[in-house]
Every structure is written in C-alpha cells, then in structure tokens.
Amino acid sequence: MQPLLHLENISKRYGSVRVLDGIDITVADNEFLTILGPSGSGKTTILRIIGGFEGIDGGRLMFEGRDLASVPINRRPFNTVFQDYALFHHMNVAENVGYGLKVRGRPRAEIAAKVADVLETVGLGALGARYPAQLSGGQRQRVALARAIICEPRLILLDEPLSALDVELRAQMQRFLKSLQRRLGIAFVFITHDQEEAIALSDRIIVVHRGRIEQEGAPEQLYRRPRTPFIAAFLGENNLIAGTLAGVQGAVCRVETAAGPLHATVDGPAPLPGSAVLVAVRPEHITLAAAAPGALVAEVVEIRFLGANILIELRHPALPDTLIKVRRLADGSTARLSPGQRLTVGWAADDAALLVAKG
Amino acid sequence: MKQKAPLLDTLLGLVAVAGLIALYAPLVAVAALSFFQITRVRGVMGFAPFSLEPYAALIANGEILAALATSLIVAMVASLASLVLALMFAFYFVSARRRFGLMMQMMVFLPFLLPPIITGLSLLIAFREIDFARGLATIIVGHIVFIVPVVYRTVLVRLQLLGGSLTEASLDLGASRVQTLVHVILPQMRPALISGALLAFAISFDETLITLFVAGSETTLPIRLWAMMRVGFVPEINALATLILLVTALITLAIGLLQRGQAERAS
C-alpha cells in the first residue's frame, strides 16, 4: 500500500554541518507517529522539512506519490502545532481558529459553524471570545490544536507541543491528544525528546540520533528489543553486559562474557558469531535467587528503597566496571537483603536483547 | 535592603530639580510671555495684563498660516512615506542575509548620524546638479532622508520581537504572503507603526536645518519663525513657539501612552 507520506533518503546541511543524513520515513494514514530524539538530533528539522519551512539538500518528499518539492507551505495539506503555539495575539480564540478558513475565502456562516464545532471538539466551547493572553497554557495548546485541525488536513505536525506544560497538565493533554487523533482519524507526526511521552502516545516511534534514524518500531518492540546501545540507554533503563557472540539457536543467542555464558534474544538477522555484542536486560526483568553454582553470582553493593520498588545494585567479580541494577517490588524477601550478600542473578532469554557493540 | 543616605538623596533630588528647571524654565518663560507681554514704560520693565493678542495676530498673519499648512503637509507626507520605506527596509533586514542587512542598515542610519548641515548641503547640491527645482517636493525628500532611520528603528524592534513563527503559522494555515502581511504582521505591528509615524511627524514638524537648504519659496513653520527672528522680535514669535511646543508635547505624550499600553499588553 502506498504510504501517505514518504521521506525518501533526505539529507540536509546547515553550512558545513550535516544535520540530516539519509533519513527515510514513511507515514501511514491514521497513524500516530512519533519522532523521538535528544535535542540537536535533527528531529525538528525533519518536521520543518515536511511542513515546508525548510528545503532539502538531497532526497525526495513524496505525498501520496506526488513530489512536494515545488509545493509551498501554504499549499501543503498539513497543519502544524508549533512549540510556542504561535497564536495570533490580536485575534480572539474564534478568529484564531477560523483563520485557515478565512484566508481560503469561505463564507462567514460556514466559518462560524465550523469554529464552534472544532472548539467543542477540543473542549473550549465557551471561550471563543477570549484573547490568547487571557488563557492558561493548556487552553492555548487547545486553541493551537483547534486551529490546526479546522482545515481538515491529511496530516498534523506537532513540534514538542507539551513541553511548556506542567507535569499534571501534560499527562492530561497526552490522553487528550491520543483520543483526538483516534476520533479525527488523521495522521499525527509528533516530535518529542521525552521517551515516556513517546511510548505512551505512539503507534510507531522513530528514534533519531545525530541526524540518522537509529531504530524504528512499535513502542513495545523498541522498548523490549533495542538494537543499539543508544536506544537501550535512551528508552528506559538497561543493564549492558559486553561479550562475544558464541552461537545462535533460532532467535536465542549465547554470549560469552567474562562472567560466563549469558543468553539474549535477537529479532531479525543475528550478527556473525564472534562479533562483539552487548546483552541488554532491564532492571525489572532480572530475577534473584540464592547463590548457586554455574550461574551468574554477584555481590550486593547497595540497596535503595524507593517505596513500592527497591533498586539493588550488584557487582560481579569478573565484571568490575559493570554495576548490575535490579528492580524488584519491595516485599518481605527484599527487606532481608543486605550489602555484601551474594545472589544468583538471572533472566529469561526472551527478556534480554542482543545489541551490536559499536567499535 | 536598600541603604538610606538622606543627605545624598536630598542632594541628588536638588540637582535633578535644578536640571529640570534649567531645561524647562525657558520654555515656560516663552509660553508665559505669549500671554503676558513685556512692557517698557519709560525704561521700567513690567508685564501687560493677560491677553491673547499675539495669538490673534498670529492667526491674522497669512504668511504664518501658509507656513503652518506647508509644515503640516510636509510632516504628513514625509512621515507616511517614511513609514512605508522603513517597513520595507525592516522586512528586508529580517529576511536578507546578515551581511547585506547590516550594510543596508548602516546606509539607512547614516543620514541621521551625519550633521544635518552636511545632509542639507549634499541634498542642495544634488538637487541643483539634477536641475530639480526647490519646493515642496524637495523639502519632503529632505525630511524623509532624515526621519526614515527613526521610524525604521521603531518598526524593526517590533518586527524582531514578533519572530518568524507567526509568519510560519499563517502560511501553514494556508494564507498567502500578502494575506499574512495584512492579517497578521501589520496588525501585530500597529502600535509600533503609530508611534513611529507620530515620532516622524514630530521630527519633521520641527526640522529646520536641512529644510533651510532645500526649501524654495515655500517655507515651513520653523523656517518662518527663523525669518521672523531675523527682522526683529514680535510678540507673535512667543505665541508661535508656544504652539509648536504644545504640538510636540502632545505627540510625545501620545507616544508615551501608546508605549505604556503596549508594555501592559505584553505583560
């Protein structure tokens, strides 16, 4: 099936600095796609290229099979929610929201009806006559959204729209955004540097790092099977243990480490046996048992009580530089732990991901 | 906590008051003298009772009224033209490459920083070289050269404050460049445009030195005043000076109120 939008091998430079390099992204209809990356990764540039605010130095931007190169900003069937909202301060809420229809020369009655409708959708029904200066941050956010959806774009671009809101409002707006996207059935391309936000909202996440796509996939897939050390560290917490790939059986890999053989799972093609690899395992996936021979036995270094959870840091004598973090629900058994104690550390092969170590 | 130094505070206060008196006393004197004329009876100075006679004389003086009309026309045309030019320069500055923008900016500012006598003289020479007869048009051109930088400054500050995202938002919503200018940029710049125009009007209305060089048979109010002073002091001069003072003060007040309103809205 043809994607709604296809960024084909896009590259972009600012002077001699290469900000995007071989970016290839497809956006499907009705999809909530998040482009996730740390600041300076190039994610905002990708959004600005789609919106038409920036040109490209290589590659093509295709919309339903049409090249958008010669289509100016105001002719692209996308609308943007800007990070600073960019509301027009001399217009009231209704005028702001109706602006897109007004400049298209739609009749007044139609604009008024649609504005009322859209304001109702975003939950601002009664505030049409207010000015942006009289609104709270969350309300301004909703005005920016209403303004973007009124022209029924095929795609909405959102540039870190929640970053200016406080934590509570953020969570509320996240739920709202998700349900709005479902109701409208429009594709959302959402930019953020917040991995939790990305995981909570997206159908699919594309992680961008240093102008390149690091990995893409469904949130759970990315979380469970990171492919690079960067992803493993950027999305949640991971223990990374270095070793050499010894053998592959199906998807389960055996990795030879200084602490003995460990196992992990790889999705897709495995690296060649003998490659330097990392085993990534989440603190919450590690199980603890009494010390037993033949297993990974480590010594408790520190115990941190975090309320519902407890974080245990262990060290294996053969891995002096690796602190193994284990997160468990705090209960009676964890209460009896004490530093210096030796424990057997283990995990299911399915809960550990195999990464290729970067030379 | 703020340290108190009553003696120093009092001293500073006195200096400030003395400064203000030095600045405003002559102005007050002129205004007062326009209502209370000085009389000399056998060498003894005194004040005549309150009268509006100088004002009546002023109004009856056709030449002065003609000069006032010229001044008003010049100030209006020059400030409107400057507004348009300054806007164009400011748009160029924010969109052009930095190097070209700075070059343009220097060229805009130069006539304002040059001594007016040099600007006036160069204009005079230029008009003569191209055989352009001196008159209303040359006065207006001279004023535009001088006031564009002032308006440019006011307009540019506001334009830079707006930033690019409003323009981008407008284009993103489907507006053309022209629609963006009319519906978004100009309305947002209204306070700056009005105060820029008022400032331009005030400067043009008072401008003397450049006008002296480029005026032909038409004279503006300040030039008329200058000419009157040369032939001898008449009471109308006080009245005229008071009127000019009043107009300028009102414009300044208007600009001040506008800027205060703007600051309140921004906060």
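**Exercise 1.** Find which side chain makes a polar contact of 2.6 Å with the side chain of Arg204(A), and work out whether Arg204(A) is buried or exposed.

*Solution.* The partner is Glu216(A), whose side chain makes a polar contact with that of Arg204(A) at 2.6 Å; a polar contact is a pair of N or O atoms within 3.5 Å, and within protein one atom must be able to donate a hydrogen and the other to accept it, while residues adjacent in sequence count only if both atoms are side-chain atoms. The model is a predicted one, in which local features need pLDDT of at least 70 and side-chain atom pairs count only at pLDDT 80 or more, whereas totals for chains, interfaces and linings use all residues. Residues are numbered from 1 along each chain as its sequence is written, chains are lettered from A and ligands numbered from 1 in the order in which they are written, and side-chain values use heavy atoms, with hydrogens and water left out.

Next, the side chain of Arg204(A) is also joined to that of Glu31(A) by a polar contact of 2.5 Å. Arg204(A) is placed in strand 9 (residues 204–209) of chain A; helices (H or I, at least four residues) and strands (E, at least two) are DSSP runs numbered from the N terminus. Finally, because its relative accessible area is 15%, Arg204(A) is buried, where buried means under 20%, exposed over 50% and partly exposed in between (1.4 Å probe, protein chains only).

**Exercise 2.** Locate Ser202(A) along chain A, and name the polar partners of its side chain.

*Solution.* Ser202(A) sits in the loop between helix 6 (195–201) and strand 9 of chain A, and with a relative accessibility of 8% Ser202(A) counts as buried. One polar contact, of 2.5 Å, joins the side chain of Ser202(A) to that of Thr34(A), and a polar atom of the Ser202(A) side chain lies 2.4 Å from the backbone oxygen of Ala198(A).

**Exercise 3.** Identify the salt-bridge partner of Glu63(B), and state how many residues separate the pair.

*Solution.* The side chain of Glu63(B) meets that of Arg224(B) in a salt bridge of 2.7 Å, N to O. This pair links distant parts of the chain, with Glu63(B) in helix 3 (residues 62–95) and Arg224(B) in helix 10 of chain B, 161 residues apart. At 48% relative accessibility, Glu63(B) counts as partly exposed. Over all chains, a search of the whole structure finds 26 salt bridges.

Note on methods
A salt bridge is a side-chain nitrogen of Lys or Arg within 4 Å of a carboxyl oxygen of Asp or Glu.
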